Amino acid sequence: MTQAVEYDVVVLGGGPAGENVVDRTRAAGLSTALVEAELVGGECSYWACIPSKALLRPVLARADARRVPGIAGAVGGPLDVPAVFDHRDYWTGGWKDGGQLDWLASIGAHMYRGHGRLAGERRVAVEGPEGEHLLLAARHAVVVATGSRAVVPPLPGIAGARPWTSREATSAHRVPPRLLVVGGSVVAAEMATAWQALGSQVTVLARGERLLPRMEPFAGELVAEALREAGAVVRTGVSVEAVVREEAHGPVRVVLEGGEILEGDEVLMATGRAPRTEDIGLETVGLEPGDWIAVDDGLRVPGQDWLYAVGDVNHRALLTHQGKYQARIAGAAIAARAAGPGGDAAAEPWSAYAATADTKALPQAVFSDPEAAAVGLTLAEAEGSGHRARAVDYDLGSVSGAGLYADGYRGRARMVVDLDREVLLGATFVGPGAAELVHAATIAVAGEVPIARLWHAVPAFPTMSEVWLRLLEAYRDAGD
Ligand SMILES: Cc1cc2nc3c(=O)[nH]c(=O)nc-3n(C[C@H](O)[C@H](O)[C@H](O)COP(=O)(O)OP(=O)(O)OC[C@H]3O[C@@H](n4cnc5c(N)ncnc54)[C@H](O)[C@@H]3O)c2cc1C
Ligand SMILES: NC(=O)c1ccc[n+]([C@@H]2O[C@H](COP(=O)([O-])OP(=O)(O)OC[C@H]3O[C@@H](n4cnc5c(N)ncnc54)[C@H](O)[C@@H]3O)[C@@H](O)[C@H]2O)c1
């Protein structure tokens with residue numbers, strides 16, 4: 001039997017969630033090992049949040065400038081595409097994780113590059129890049145943070161069609177003349193916005209009736225309208241039946257239900273995520289390989305007091321900031337329990353040891369043009385979960401701050417109020433620059449700030465945040 005190298009904590013997967021667990025357990029003085037198969041920083045740093053936002057920033061900055069008199073004339077031309085790619089490459093560190101390795105060393109964490117698998121209780125086996133094997137043992141906790149990968153639906157022809165997933169869409173160095181995008185959610189909306197502006201003729205094929213299906217209906221409607229104005233084709237209610245590329249360097253064809261065939265140079269499958277759990281030894285601890293890992297609010301796997309799962313892999317909220325939040329909570333709980341029998345880590349809602357905001361106050365910002373940002377419940381979700389709720393809407397473009405931000409500003413805001421408790425259940429903002437509006441709403445929802453007190457949170461003039469005042473006035477004037 002191989003001698004195990006012992007640590008207090010072993011973290012499997014070094015994406016944003018895993019890294020933040022390491023940060024917290026090291027801060028508590030616990031010896032910690034991190035096992036990472038690819039690059040420390042994970043999907044977010046190299047093939048998701050960071051490169052996508054680096055591609056989108058020049059797109060949104062140009063779009064904003066084009067709506068401001070005095071500068072609009074100077075930004076009429078195309079984007080400098082090689083410079084946009086350089087900007088994106090800079091932000092991914094050229095797909096190298098040297099900076100992250102330096103940080104791990106600086107906090108005294110040990111990093112093992114290789115494929116990790118659970119090997120029974122408190123054990124992680126690591127298979128290194130040269131096939132070498134090592135066993136790690138955790139005195140206090142193992143934290144699984146192996147994230148997720150893109151789902152490619154098993155459609156006829158798809159394997160040979162070499163479709164793009166989010167990885168290629170965020171790392172490509174060539175602009176395909178025609179890009180077909182299958183899916184209608186966040187990856188589809190953001191990548192359609194980016195690649196249409198970078199020079200592709202984009203066609204979005206969404207099977208639902210609108211884009212951004214998890215947000216208020218007006219979000220997807222405004223984003224689709226703007227994509228069409230930018231020259232993209234947006235089709236909703238369509239179902240893709242096959243994806244075929246007959247010649248290796250030839251075009252790709254998408255066959256729709258009913259037989260219609262669309263041709264492109266690349267096809268992006270923006271069709272959701274699957275857990276990276278099929279080969280991480282879940283069967284050695286009685287869990288099902290390939291499944292999302294269910295956890296309680298304390299981020300522990302029920303029945304296994306040493307096993308935690310944070311980030312995408314637990315399927316609570318597939319967002320970096322939420323994975324990092326879970327990591328801070330799991331790290332604090334592990335440290336408290338490691339401190340001894342007196343270490344109290346009861347997962348009471350809103351305590352330092354419970355991931356409460358995942359379900360009650362989850363924010364998301366989508367960097368399409370216009371941006372769409374939301375927190376908490378939509379009206380439909382509030383009503384569906386039994387609240388007596390009212391939605392109050394306001395045309396964001398009527399606020400002076402928005403009018404000054406951009407000529408002809410188009411946008412909309414909605415707050416959803418719990419009529420029994422007079423607190424906010426959710427809020428949505430759509431419009432240029434609207435992503436920065438959501439954090440104020442997150443504070444109001446997470447803090448359950450009474451509407452009566454929100455009147456005293458006076459927005460500065462002339463900022464877009466004055467929309468809060470207008471929403472409160474609209475709520476007051478609507479009566480009960
Ligand atoms: C295109 C795109 C854009 C996005 N933009 C945003 C955004 O703007 N904001 C936002 O909040 N979220 C965004 N997301 C979601 C975000 O990327 C994820 O929520 C986040 O990366 C999850 O972090 P994680 O640490 O759980 O997992 P990951 O980032 O997936 O990291 C998991 C790590 O575990 C490693 N690993 C897996 N299996 C093993 C193993 N067996 N052994 C060792 N290591 C292993 C992987 O190599 C990886 O490094 C975006 C997603 C996509 C696809
Ligand atoms: N700015 C951000 O916060 C940001 C940006 C990008 C991605 N993300 C996160 O990454 C995750 C992945 O995003 P996503 O957009 O890929 O997935 P998603 O799960 O949000 O949406 C998947 C979409 O694909 C469609 N779909 C699934 N199978 C299909 C099929 N066979 N044919 C046609 N359509 C199909 C679904 O109807 C849905 O609209 C999400 O959880 C998202 O929140 C966040």
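Reader: Which residues does E266 touch, once residues up to four places away in sequence are left out?

Author: In this predicted model, E266 touches W164, P176, L179 and V252 when residues up to four places away in sequence are not counted. Its place is in strand β14, which spans residues 266-269.

Reader: Is E266 buried or exposed, and why?

Author: The general idea is to count neighbours, since a residue is called buried if 20 or more other C-beta atoms lie within 10 Å of its own. E266 has 24 other C-beta atoms within 10 Å and is therefore buried. As for a residue elsewhere in the chain, V40 is 226 residues from E266 in sequence and 29 Å from it in space, C-alpha to C-alpha.

Reader: Into which domains is the protein chain divided?

Author: The division gives domain 1 (5-41 + 97-149 + 275-357), domain 2 (158-271) and domain 3 (370-479). The C-alpha centres of domain 2 and domain 3 lie 31 Å apart, and the contact between these two takes 8 residues from domain 2 and 10 residues from domain 3. On the side of domain 2 that touches domain 3, the residues divide into 7 nonpolar, no polar and 1 charged.

Reader: What does the UniProt record list for this chain, and over which residues?

Author: Under an unreviewed entry, UniProt lists "domain: FAD/NAD(P)-binding" for residues 7-321, a span in which the chain is 28% helix and 24% strand and the end C-alpha atoms are 27 Å apart. The annotation "domain: Pyridine nucleotide-disulphide oxidoreductase dimerisation", also from an unreviewed entry in UniProt, covers residues 363-468; for that span the figures are 25% helix and 31% strand, with the end C-alpha atoms 17 Å apart.

Reader: How should I read a helix such as α1, and how many of its residues are buried?

Author: An α-helix has 3.6 residues a turn, so residues three or four places apart point the same way. Helix α1 (residues 16-27) has 12 residues and reaches 16 Å from its first C-alpha to its last, which is close to the 16 Å expected at 1.5 Å a residue. The helix is mostly covered, with 10 of its 12 residues buried; among them are P16, A17, G18, V21 and V22, and also the charged residues E19, R24 and R26. The buried residues of α1 pack against β1 (5-12), β2 (32-36), α2 (42-47), α5 (98-106), β6 (133-144) and α9 (320-338). After α1 comes G29, whose phi is positive, near 85°.

Reader: Which element supplies the largest share of the shell around ligand 2?

Author: That element is α7, from which 4 residues come. Both α7 (186-198) and β17 (363-366) supply at least two residues of the shell. In total 23 residues surround ligand 2, the closest being G183, S185, V187, G272 and L318, and the shell divides into 13 nonpolar, 7 polar and 3 charged residues.

Key:
Residues numbered from 1 in each chain as written. Chains lettered and ligands numbered in written order. Predicted model: local features only at pLDDT ≥ 70, side-chain atom pairs only at ≥ 80, totals over all residues. Near = placed C-beta within 6 Å. Expected span 1.5 Å × (residues − 1). Contact = placed C-beta atoms within 7 Å. UniProt positions renumbered as here; feature names shortened; annotations may be inferred. Domains from an automatic or database assignment.
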